[in-house]
Amino acid sequence: MLKYIAKRILYIIFVFFIMSIIMFGIFKMVPGDPAAMAIKDVPKTDPVVYQQKYDAARERLGLDKPIPVQYVSWITKMLSGDFGYSESYRNDVINIVKEPMGNTIFINIFNVVAALLITIPLGIVQAVKKHSKFDNVVQVGTIVGYSLPSFIVSLVAIYFFAIKLQIFPVSGMNTPGFSGTGWEKFLDKMYHFALPLIVMTVASLGSMTRFVRAAMIEALSMDYIRTARAKGLTEKVVIYSHAFRNALLPIITLIIGWFLGIFGGSVVIEQIFGLNGLGKLLYTSLQAQDYNVVLALNMFYFVIAIVGNLITDLSYGLVDPRVKIN
Amino acid sequence: MSKNSKKKSTLSLIFSRLLFGQKERVETSVLEEEQVHSPMKTIVRNFKNNKLSMTGLIIFVTMFLIVFIGPNFLKLDLSYQEVTQQNIAPTSSLMKVPSKLKGHVKQIAIGSTFSVGLSDDGKVYTWGKPKEKMIKTMPSQEEMGKVVQIAAGLDHALALNSEGKLFSWGNDRFHLGSLPLDVQGVTNIKQIAAGYQFSIIVTDDGKAFGWGNTNVIDFNVGKYQGQIDKVVVASSGVIGLTKDGKVISLMTKENGYSRIPQDLGKVVDIASTSNAIAAVGDDGKVTVWGNITKNVDKVPQIDGKVVSIAAGRYHFTAITDDGKTYSWGANNFKQSTVPSSIQKADVKAVFSGYYQNYAITKDGSVLTWGLKGYVFGSDGMGRDMLTRLISGGRLTMTIGAIAVIISTIIGVTIGGISGYYGGKIDMFLMRLQEVVAGIPFLPFAMILSAIVGNRISETQRIALIMVILGLLSWPSLCRLVRAQVFAEREKEFVTAAKAMGVKENLIVFKHILPNVISVIIVNATLDFASAMLTESTLSYLGFGVIEPNPTWGNMLNGSNSGVVIQEYWWRWVIPAVALGLATICINIIGDGLRDAIDPKSQER
C-alpha cells in the first residue's frame, strides 16, 4: 500500500509540473509588455531615462533571462505562496483569493452533500424497482436533468422563485446595508445562498442518479446477491449491506471526478447569482485582464484536480482490496 | 427474432407444404429457414421499437433540417441593428387593423411598434405592440372627444380634436408626454407631426412649433414662420413645405436634408424616411435627397402622375392619380414589395411608417403590406429572434459536431493504439490522457479563449472554440476504446490476422475497430450533446462565440438581468427551449442507441 501511495504521489508531482509548464506557456502568450506596464507611471519625455528604467524593470521582473530560467523562478515563487500582485485590485493576489475561495469551497461541498443525500437513495430505489413506472419516469427526468445546462436552470429558477414568487433575492451575497449579530449575518448570507445552492443541486442530480442506478443494478446482478437472498437475508440487508457496498466503488470515482468538475462549473452559478466566489473572480479578472489573479486561480483549479485524482486512487485502494496488489 | 415472424414463417411453411408437397422444403436454405439479421439490422429494429428514442430522433432531425436549411431563406445580416425595434414581444399582429375601424378609416399613423388609427367618427384605436407606458398614458375617448387628426412617433403619439385641442401621450422623455406652454394656447392647428422623439404642429396661419429631443433635431423655423404648409420629421432633421410649394429646411445647421435640390419646381407633397426626403412636384415627378442608404433613391418607373407620397423608416410609397401604388427602398421586411392585390386595387390613400404600409382603397377596405411582426420577438438590438435562432442553431450544432469529430478521432486513435500495444506506449498515453482529463475544463477554456482569442479574427475564434472543445474532451472516449480493444485483441480473429501477416496498425484500425464501432457511435452522440452544452456555457459567459455571430448560448448572454428575465421573457425562453430540446433529444437518441446496440444494458 505504501509503495502504491508513493508511486501515485510521484506521478502526481510529475503531472503538476507538466500542467504548470502549460500554464506558464499560456501566460507568456498574454499580449502586452509586463515591463512597460510596471513603469507606466514613468514619463516618456526623456527616452534615455525611460530606457534605463525599462531595462531595470526587465531585470527586476527577470524578463531578460532565458525562458527556462524564468519558469524556474516563477514556479519557485508560486510554490512559496507568492502569486504576484493584482493590478485591478491593488493588492497581493493571495489576499484577494482568500474570501472567494472560502465561499466556493462552501457552496461546492454543500452541493455535493445535498446531491448525494438525494441521488443515492433515489438511484437505489430505481435500481431495486427497475423498469417500474417510477423508474421510467425518473430515467426520463434525469436525461432532461443532465441535458439542461446550469445557466438555463438558473434562469428558470430566478424567474419563478426570485421574480414571480419573490421568495429569494435575485442575486448578491447579502442584503445591502445589513447589520446585525454574527448569527443574523450568517442567516442573511444563507438566505442569499439558498437559490444558487438549490439550482446547483438540482442541476447535478441527473447524471449522478443515473450513475448510482447503473452501479446498483450491476451490483444486484451478482451471484453473491443471489446467495444472500438464498440464505434468507431480508431484502433490506441484501440491498444496503451487500449490494450497495459493492456499488460504492464506481460511485466514489464519480463523486470525486464530479466534485472537480463542479468547481469549474460553479463559475456559471457564481456569475449568474453574483456570488463572491472563485468563479466570479476568474470571470471579472479575465474581463479586467488581470492575469496574475487568473494564473493563481488556474493553479488552484489544477491543484484541486490533482488532489482529487490522488484521493480517487487512494480511496480505490481503501474500498477495493484488489487494487493494492497491482 | 421476434415471435411474430417466427409464427409467420411456420405458417407459410405449413401452407407451402399443403400446396406443393414435401419437395419445396428441401430447397429452402438455412438462411431462409432461420431468418438471420445482420447486427446492424438488429440495432435499427431495436432502435425503431423504442418509442422514446424515435420521438427524440424525429424532433432532432426536424430541428437539424430547419437549422441547416432555414438560413438560406432567413438570411442573417451580421451588422444589422435597429433601435426602433428593440424588445418586441412575439407577435404577428402589428398590422392587424381592429375590425371596428375597418371600412371607415380616416387616418392611420404608424409608430415604431404600434399603429394608431382614426375612424371617420373621430374615434382613436391603437394596435400592434405599444409600450406599456403608451397604453397607460393614453387619454380616454371621452376626454379627447371627436378627434380629427393623429400622428405617431417612435414611442409617443399626438391627437388633435375638433375643438383644436391637442393631446400627447406615450414616452415622456424630452417632455414629449406634455405640451409646451406656447403650444397649449394654440387652437388653429392644421397639421400635427411626430417623429423620432420630436413633435411639431403647424397652424392655419403658417406657423410651426416643435418640441422634443432638440439635441438631435435643432429645430428652427427662422424667416419662414408664417408661410409653412406642411412639415415632415426625419430622424435628425425637419423639412417644411411652404404654402407656395417651396421645400425649406427648418434647422439651424446644414446637413444632408438641408441640401435641397434647386430644380424641384412647385412641390405638392413631401415625405421623409429616417434619412432621406422625397418631394413630389406638380408634374408628378419624385425627387429624393438626403443621406441616401438602402436604395431609397432608386425610384422605380412610374406610369402616371404621383399625387401623394408616404414614407416608412427606410422606404417610400407613392400613389398616382389613377390609384396605382409604388414602393421602393429597403425591403428587408417586404415593405417595399407591393402585393399584386394592391397593385390592382384602386387606392385612395396610403399611410406608411416604419416598416408598415396601409393602403385605403376607394371602397374603404384596408390593405396592408410590410412587417407583420416577429414570430419569436426581437432582441435588445432590434434583431429578429427567429433569424438569429436559426442561424445560431446552425453555428451551435456545427461547433458541437466538429468538436466531437476532433475528440473522437483523437480518442479512437490514442485509445486504439494504447489498448492494442499495451506496455510502455500504453503507460505513456494513459498518463497523457490523465493530464488532459485533469485539466479543469471551463476555467481553462475561458483562459485560452480570453488570451488567445482576442488577437484573432472572429472566424478563427470560432475555430479555436471547436479545437479547444475537441482537444479537451477526448479522454473519456479514449479510456472506453482502450478497454474495448483490450478485450478484442485476445480474440481468435486477431490471432488469425496476425498469422496471415497483416500489419499491426491495420489489425487495430481495420480488424479490431469495426468491432467497437458501436461504442464509439454511442459515445460520439452523447459527446455531441455535451459539446453543444459546453459551447453554450462558454458563449453565455462571453468567452465562446461572441456577438454579432449568434449561437444559442450567446443569445442568452444578454438575459442575465432581472429586467430581461421578467419583462422580455422571449429573449431567454426561446433560445433556452431550443438548446434544451436539442440536447435532450440527442441524449435520448444516444441512450436509445446504447440500448439498441447492447440489449444487456437494459437488463442491467
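Biologist: What counts as a helix?

Modeller: A DSSP run of H or I with at least four residues; a strand is an E run of at least two, and both are numbered from the N terminus. Helix 7 of chain A covers residues 150–164, and helix 8 of chain A covers residues 182–220.

Biologist: Why are helix 7 of chain A and helix 8 of chain A called oblique?

Modeller: Their axes cross at roughly 135° and come within 10 Å. Axes are lines fitted to C-alpha atoms, for helices over the stretch in contact, and angles run from 0 to 180 degrees between N-to-C directions. Under 35 degrees is roughly parallel, over 145 roughly antiparallel, 65 to 115 roughly perpendicular, and the rest oblique. The pair is therefore oblique.

Biologist: Which residues of helix 7 of chain A and helix 8 of chain A meet?

Modeller: Contact requires C-beta atoms, placed from the backbone, within 7 Å. On helix 7 of chain A, the list includes S150(A), V153(A) and F161(A). On helix 8 of chain A, it includes L195(A), I198(A) and M200(A). The contact has 10 nonpolar, two polar and no charged residues. Nonpolar means Ala, Val, Leu, Ile, Met, Phe, Trp, Tyr, Cys and Pro; charged means Asp, Glu, Lys and Arg; the others, Gly among them, are polar.

Biologist: What makes helix 5 of chain A oblique to helix 8 of chain A?

Modeller: Helix 5 of chain A, residues 93–128, packs on helix 8 of chain A at about 40°, with the axes 6 Å apart. That angle makes the two oblique. Their crossing is right-handed. The contact divides into 19 nonpolar, seven polar and one charged residues.

Biologist: At what angle do helix 15 of chain B and helix 16 of chain B pack?

Modeller: About 140°, with axes 11 Å apart. They are therefore oblique. The crossing is right-handed. F493(B), V494(B), A497(B) and K498(B) in helix 15 of chain B meet I507(B), H511(B) and I512(B) in helix 16 of chain B.

Biologist: How many residues join the two chains?

Modeller: 37 of chain B are in contact with 43 of chain A. Helices of chain B that each supply at least two residues include helix 11 (423–438), helix 16 (504–541) and helix 19 (570–597). The chain B side has 23 nonpolar, 10 polar and four charged residues. The model scores ipTM 0.84 and pTM 0.84.

Biologist: Where is the pLDDT of chain B below 50?

Modeller: pLDDT is the predictor's confidence in each residue, from 0 to 100. Chain B averages 83, and 93% of the residues score at least 70. Residues 1–7 of chain B fall below 50, with three contacts beyond near neighbours in sequence. Where pLDDT is low, the predicted coordinates should not be read in detail.

Note on methods
Residues are numbered from 1 along each chain as its sequence is written. Chains are lettered from A and ligands numbered from 1 in the order in which they are written. This is a predicted model: local features need pLDDT of at least 70, side-chain atom pairs count only at pLDDT 80 or more; totals for chains, interfaces and linings use all residues. A crossing is left-handed if the near helix is turned anticlockwise from the far one by less than a right angle, and right-handed if clockwise.
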